[in-house]
Amino acid sequence: MYIRVNPRDNVAIAVEPEGLTPGTTEAGGLVVRERIPQAHKIALRPIAAGEPILRYGEVIGYASRDILPGSWVREELVEMPAARPLDELPLATAVPAAPPPLDGYTFEGYANPDGSVGTRNLLGIGTTVQCVAPTVDYAVGRIRTELLPRFPNVDGAVAVTHSYGCGVAIDAPGAAIPIRTLRHIALHANLAADPLMVSLGCEKLQPARLFAASEPPTGQRPESLPILDASNVIRLQDERGFSEMVAAILRAAEKRLERLNRRRRTTCPASDLVVGLQCGGSDAFSGVTANPAVGFAADLLVRAGATVLFSEITEVRDAVHLLTPRAATPDVARALIQEMRWYDEYLARGGADRSANTTPGNKRGGLANIVEKALGSVAKAGSTALCAVASHGEKVTSKGLVFAATPASDFICGTGQLASMNLHVFTTGEGSPYGLALVPVVKVSSRTALAEKWPDLIDLDAGRIATGQATIEEVGWELFRFILAAASGRQTWAEHWGLANAMAPFNPGPVT
Ligand code: CA
């Protein structure tokens, strides 16, 4: 059994876990010529050397030699096409009509004074610099055991630590990206949009600098910046000894916990959701099961008035020609192209290009190259108009489908999306026990074998689409309902185990 995505395709992917067996006859009389592992590609027709290899109805490469029908189209038989030029793309030429609104869907969230809505009620202790991270980790350990049991309405305490803040060229243009990322995370909706920070004292990223509005806001809503004083910033160099540092953090945390503990969930429209989408450890099934189901759920969220973020520049670059026509306006298309161009140049400065994206796991999972991976990855973006583009670490304020620029790296993408999102959806084929401390992460598997191998990590199995047990629409609706439940407090597996990957703000600037 195989799956062909588009009638134009001259390759399809093997469905069965044990792969395709030589000598067996498939649909349409196609005889399998050799063993083809699950998720890998079978040639449906003769493909002459130099001819295009088509999947998703798009060119994923050119045959490096003649390929007979029924043979395994291995990675080395697929020559990767050059990156598409960015200056001749269609701009807003096929804008999808606004889909019918989806009314009446709600979740139970925490409304914040700045208009954002939390899906969790967390005490977060932010940091301006890595130097203070172990001290904050220690203090948060004590908060969890000594304070948190007295505040049952608070979902948890988090040390919001990261690797940035000093030893960097803080005035270099690239520094704006990690700084605004950390600013928006400190003001996160799940931290009541109210920062509590620990600073060292001598670091380059001073609290006042972190919260200075260094650029005009790009969205409609101006950023609300906090007033910094002794109630929300603790400077460790002002304290006498380690135990006083910890005592100062615990005192501030206790006051904050009293406030957080008085909060209650209220019914909020689904339009208050900001859902970040990401894939990690993708395989050739990701683009036909998990990502299209996520795309269907993304359409439902957009119809319900929510914000949906897709990201991962190197996984959008080779599908950009499918997205610029969908941009709501030529300016939105140009903003998308600008993000691609900037990243092309960033990679070139490092002596790399987009082909550096694919991993050994991707290849083992049947993905020949980044073109094939990208065409499957953008299925997460569904079918609605692209409404806005946000650059790295910017806070998204628009509704609808938004491209929020981030690298594809799982933990850097997740950190970048945390600038805006209050819930995260992560699709995986090879499997990753990924999680984030600040938001629920809903994990969707691209094949049933992974969901069965990891029943205590995967929240939703989209592999049923490949075997015909469920449709893309059915899994899409399941995911939509799961998202509303998770936003209302239902624990995801990652939360159950307390899995939280390190924060890794994207820093394209120099380190000193
Ligand atoms: Ca990723």
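Student: Hi! Is Ala408 buried or exposed?
Tutor: Ala408 has 12% relative accessibility, so it counts as buried (under 20% relative accessible area; exposed is over 50% and partly exposed in between, with a 1.4 Å probe and protein chains only). This is a predicted model, where local features need pLDDT of at least 70, side-chain atom pairs count only at pLDDT 80 or more, and totals for chains, interfaces and linings use all residues. Residues are numbered from 1 along each chain as its sequence is written, and side-chain values use heavy atoms, with hydrogens and water left out.

Student: Thanks! Which residues coordinate the calcium ion?
Tutor: Gln278 (OE1), Cys279 (O), Glu312 (OE), Ala408 (O) and Asp410 (OD) do, at 2.3 to 2.6 Å. Donors are N, O and S atoms within 2.8 Å of the metal (3.2 Å for Na, K and Ca); water is not among the atoms, so sites may look incomplete.

Student: And how are the donors spaced along the chain?
Tutor: Their spacing reads Q-C-x32-E-x95-A-x1-D. Gln278 sits in strand 14 (residues 274-279) and Ala408 in the loop between strand 17 (400-404) and helix 10 (410-417), so the pair ties together parts 130 residues apart in sequence. Helices (H or I, at least four residues) and strands (E, at least two) are DSSP runs, numbered from the N terminus.

Student: What about Gln278, buried or exposed?
Tutor: Gln278 counts as buried, because its relative accessibility is 0%.

Student: New topic: which residues of helix 5 touch helix 12?
Tutor: Pro292, Ala293, Val294, Phe296, Ala297, Leu300 and Leu301 of helix 5 make the contact (heavy atoms within 4.5 Å). Their partners in helix 12 include Trp477 and Phe480.
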